[in-house]
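Keep the 3D view open as you read.

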Amino acid sequence: MTMAMMTMQHPPTAAAAPPAPLELQVERGNRTSRAALAIGIALALVGATLPFWGESSWMRDFVEIACYFIFALMWNLLAGYGGMVSIGQQAFFGLGGYAMLMLGNFAGVNPFVAVPLAALATAAVALPVAWVAFRLQGGYFAIGTWVIAEVFRLGFANMSVVGGGSGTSLTALRGIDKATRESTTYWIALACVLGSIALVYLFLRSKQGLALLAIRDNEVAAESQGIAVRRTKLAVYAVAALGAGLAGALYFVGNLRISPDAAFSVNWTAFAIFMVVIGGIGRIEGPIVGALIFFALNKLFSDYGTWYLLGLGLLAIVVTLFFKQGLAGWVQQRYGFEFFPTQRRLRL
Amino acid sequence: MLDTLIQGVLLGGLYALFALGLSLMFGVMRLTNTAQGDMIVLGGFAAIALGSAMAFVGPVMIGLLLVVPAFGFGYALQRWVLNGTLGRDPLPSLVVTFGLSIVIQNALLQVFSADPRSLDSHGFNTQSVALPGGAAVGSLPLLILGAAVACTAALQWLFAGTRLGRAFRAVSDDREIAELMGLDARKVYALATAIACVLIVIAGVFQAMRTTVAPSDGPMLLLFAFEAVIIGGMGSFWGTFTGALVLGLAQQIGFRLDPGWGIWIGHLTFLAVLMVRPQGLFPKTRG
């Protein structure tokens, strides 16, 4: 816990005698957040042993849900905290997948090592992309990023070296037996989930995170307080792209086959929006709750095809109109639970 | 070469019809309708359903029959759904229109299956008009271009020369002051979306006549409409019209070079304009 000493000063006209300096304590955690940390560590330790006692279908399910979750977490960072609503994050999901595949197939890098490298490459591509995308704001930023994702999709569809429109396979994993491949993919997925939560949580609790919240609430006011608005937004955009690239690289290591239509599908972002909105935007618990709900709905109803998707669309509309805080926000307001507190609370 | 240019301009006419509704809704209430493309496709399917139910009715009549329901749909959508999402934060309106887009896509998929369909134009889509110099252009694309010019001119006149247009400009400039002057912004917004939906249904009928519509086409049409608005410059309907022509030309030239590149070159043209002239080719504040 960080402790800080502060002095409150009254306006000069308010009191004749200068008041004694008040001692304030800044609280950054609470009982539920400490409990969450303990439970989280315990779960991670149990989870890490899963390959020794679990079934391989559980590991595959986990890898898939991990990709959805990391992607949604990063969309939440961008839209819920950075105020940049994008419908084009699938650009970075696909780029991560293709970067991992090309590093593995052409450069001879071990695909498991290529996963973090691909995420870094994606973040590097995000910087020039941001230069174009940041020329648009609000709703037009959302659709502009979608166009950029389409440019990447059509670009890869015209690249015959990666199989053009029909895609290609991750041949670099040949010769590794199935059990080793599945458990390694699973451990990497687990590490990526924990790493992304830690990355986002620490970023939001840092000074830059505070600056980000100030920008979201009022850009002009934030700038007048000396916050480097453009640089902060760029940093968030790059981190969100890094995470999306990580999710994409991970997904296609698990999937072994990539095509432009699958990698750059707008459905990735659509599902991320759904998870974040249902779970609660602008809070870290949101995508966690949202990903679990989404996964459950997917298991139960995805056989219904169009009706299922139609229901997801309607649910997103209803939640946005009537439950703006999402499920996690509702629980927090009703019961006061908060597992990942990012605010600073003053205690007199 | 001349042929490519003519085809590009004619295609641009269709894109102008796609884009006018988007431009109108953004102009009046800063609302980005991500369901624009799917609503165009919905309009196309509505026309096809009506056409097959009443085979003796021509496509123009079908279009006219759809104008009133489209107006009502737009009014109700804005009045009772979208008005609740307006505000400084663009997220609620984006999520709701995006959700609407998914609902429309899957509802169409359920009712009409994934097959592309087109509206029977009773042979009109194969007729052509001879031009001096031996070239010929299709009557239907020419009619679409004419309709786009007419709709753009009508919108411009509506904004500049009518009481309703003055109300649109007023709520667009400052909602609070306009309400102090006695306007009901919620009703003005509803009328704007209603008019946008009429434009959307016209675009849908023409799209279904000229080529085919499939439930999954919507996002692509949305992106074309959006690119036309940004290339032209926000805030002017003639700008949107010109932006649509630029996009149509770029795509047509791209298709000429390589059939796989047409749409890609259209996207790249949009990004190039965004980099060189982010305010668009013809930026103008309305009114």
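## Loops, rings and an interface

A:L256 comes out as partly exposed, because its relative accessible area is 26% (under 20% is buried, over 50% exposed, and partly exposed lies in between, with a 1.4 Å probe and protein chains only). This is a predicted model, so to speak of local features takes pLDDT of at least 70 and side-chain atom pairs count only at pLDDT 80 or more, while totals for chains, interfaces and linings use all residues. Residues are numbered from 1 along each chain as its sequence is written, chains are lettered from A and ligands numbered from 1 in the order in which they are written, and side-chain values use heavy atoms, with hydrogens and water left out.

Back to A:L256: this residue sits in the loop between α10 and β3 (257–258) of chain A. Helices (H or I, at least four residues) and strands (E, at least two) are DSSP runs, numbered from the N terminus. A:L256 is not a glycine, yet has a positive phi of about 70°. Most residues other than glycine have a negative phi. Chain B has a case as well: B:R30, also not glycine, has a positive phi near 55°. B:R30 lies in the loop between α1 and α2 (36–53) of chain B.

Here are the accessibilities of some residues in this report.

| Residue | Relative accessible area | Class |
|---|---|---|
| A:F141 | 4% | buried |
| A:Y237 | 2% | buried |
| B:S93 | 7% | buried |
| B:R30 | 51% | exposed |

Now for the rings. Over all chains, the structure holds 32 aromatic pairs (ring centres of Phe, Tyr or the six-membered ring of Trp within 6.5 Å; planes under 30 degrees apart are stacked, over 60 edge-to-face, the rest tilted). A:F141 and A:Y237 make an edge-to-face pair, because their ring centres are 6.3 Å apart and their planes stand at 70°. That pair ties together distant parts of the chain: A:F141 is in α6 (residues 138–157) and A:Y237 in α10 (residues 229–255), 96 residues apart. An aromatic cluster in chain A includes A:Y68, A:W268 and A:F294.

Helix α8 (residues 207–217) of chain A has A:G209, A:A211, A:L212, A:L213 and A:I215 as its buried residues. They pack against α3 (56–81), α7 (178–205), α9 (219–224) and α10 of chain A. At the N-terminal end, A:S206 caps α8(A), with a side-chain oxygen 3.3 Å from the backbone nitrogen of A:Q208.

What about the two chains together? In contact (heavy atoms within 4.5 Å) are 42 residues of chain B and 39 residues of chain A. About 3600 Å² is buried between them, with carbon and sulfur atoms giving 82%; buried area is the accessible area (1.4 Å probe) that two parts lose on being put together, summed over both. On the chain B side, α4(B) gives the most, with 14 residues. That side has 31 nonpolar, nine polar and two charged residues (Ala, Val, Leu, Ile, Met, Phe, Trp, Tyr, Cys and Pro are nonpolar, Asp, Glu, Lys and Arg charged, and the others, Gly among them, polar).

Finally, B:S93 is in α4 of chain B. Leaving aside neighbours within four places in sequence, B:S93 is in contact with B:L31 and B:T85.

Definitions and conventions. A polar contact is a pair of N or O atoms within 3.5 Å; within protein, one must be able to donate a hydrogen and the other to accept it, and residues adjacent in sequence count only if both atoms are side-chain atoms.
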